[in-house]
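Work through the exercises below with the structure in view. Try each task before reading its solution.

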Amino acid sequence: MSDQGKSRSEKNEVFAGAADPRKVMPSRNVMKDDFNFEIPVETVPLPSMGVCYSTDSSLYQQETVDIKAMTAKEEDILTSRSLIKKGTVITHLLKSCMTDKSVDPDLMLSGDRNAVMTAVRITGYGADYNVEVDCPSCGERSKQSFDLSKLPIKRLLIEPVAVGSNLFEYQLPLTEKTVRFKFLTGADEAELATIQERKKKQGMTAENLVTQRLMFAIQSIDGITDKSKIAMFCRHMPARDSLALRKFIDKNEPGIDMKSWMDCPHCDETSEVRLPMGATFFWPDSE
């Protein structure tokens, strides 16, 4: 990608500040005709810059997507008991806010999906995120305030093995096997969550979470694509190779860096923490 293209992709109107009043939803309805109000539309940067989507996807090589600001309609979605029970509430929320209805949030890379989700939250309730977090230094819990608009975007910096593919290559340092992996999508994350929940109900622990994620990510090892063989390799992969691969994926996965700094009122230490993405993410403190 050219320097000029990268420069354009750095523009982020949603995370940087208020909506541009000139960007509005083209609509002919009661809100516009009778109340003279139009729902603002925001442009959200995609961390992947559309590189990982197939050529027949509406997201192919798209550096941004447009979303409409949250309304009471979206709040109805957030409180839907059936959607919450199914675990699809966020997917329905994102679908409702996307101006391009051909975009399927479940097929978006998790990093792109998180970027859109954060932008939607900002349009609805602002950038201030008040939440309780545990101090990494002393372990005490305290209420902290974070600015979502200041969360950095991690751009995709590596090239896929082919144009329009979510497939990347890495050579393991110890076994020297060539691994081809993908970045997980919203659908992958949902399936992982379902597997973990099923194991929890069966009284099993989530001790294999590391290998489970690798099984989802790895698509081939030295050309071998058989899922059962890949699963066996993941379980018996040397720890050095496993750590190196996970670090490479984490370092290069595009998305929003959900980390920020906190000042602990208990021990006076300043520490970096990962922002929790619980229910309070979309239901800010009313105080």
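**Exercise 1: cysteines**

The sulfur of Cys 264 lies 3.7 Å from the closest cysteine sulfur, in Cys 135, which is too far for a bond. This is a predicted model, where local features need pLDDT of at least 70, side-chain atom pairs count only at pLDDT 80 or more, and totals for chains, interfaces and linings use all residues. Residues are numbered from 1 along each chain as its sequence is written, and side-chain values use heavy atoms, without hydrogens and water.

Task: find how many disulfides the structure holds.

Solution. 
- Start with the cut-off: a disulfide is a pair of cysteine sulfur atoms within 2.5 Å.
- Take Cys 267: its closest cysteine sulfur, in Cys 264, is 3.7 Å away, too far for a bond.
- The structure holds zero disulfides.

**Exercise 2: a helix pair**

Task: state how H6 and H7 are oriented to each other.

Solution. 
- Helices are DSSP runs (H or I, at least four residues), numbered from the N terminus.
- H6 spans residues 89-97 and H7 residues 110-125.
- Their angle is about 70°, with axes 11 Å apart. Axes are lines fitted to C-alpha atoms over the stretch in contact, and angles run from 0 to 180 degrees between N-to-C directions.
- Angles of 65 to 115 degrees count as roughly perpendicular, so H6 and H7 are roughly perpendicular.

Methods: Helices (H or I, at least four residues) and strands (E, at least two) are DSSP runs, numbered from the N terminus. Angles under 35 degrees count as roughly parallel, over 145 as roughly antiparallel, 65 to 115 as roughly perpendicular and the rest as oblique.
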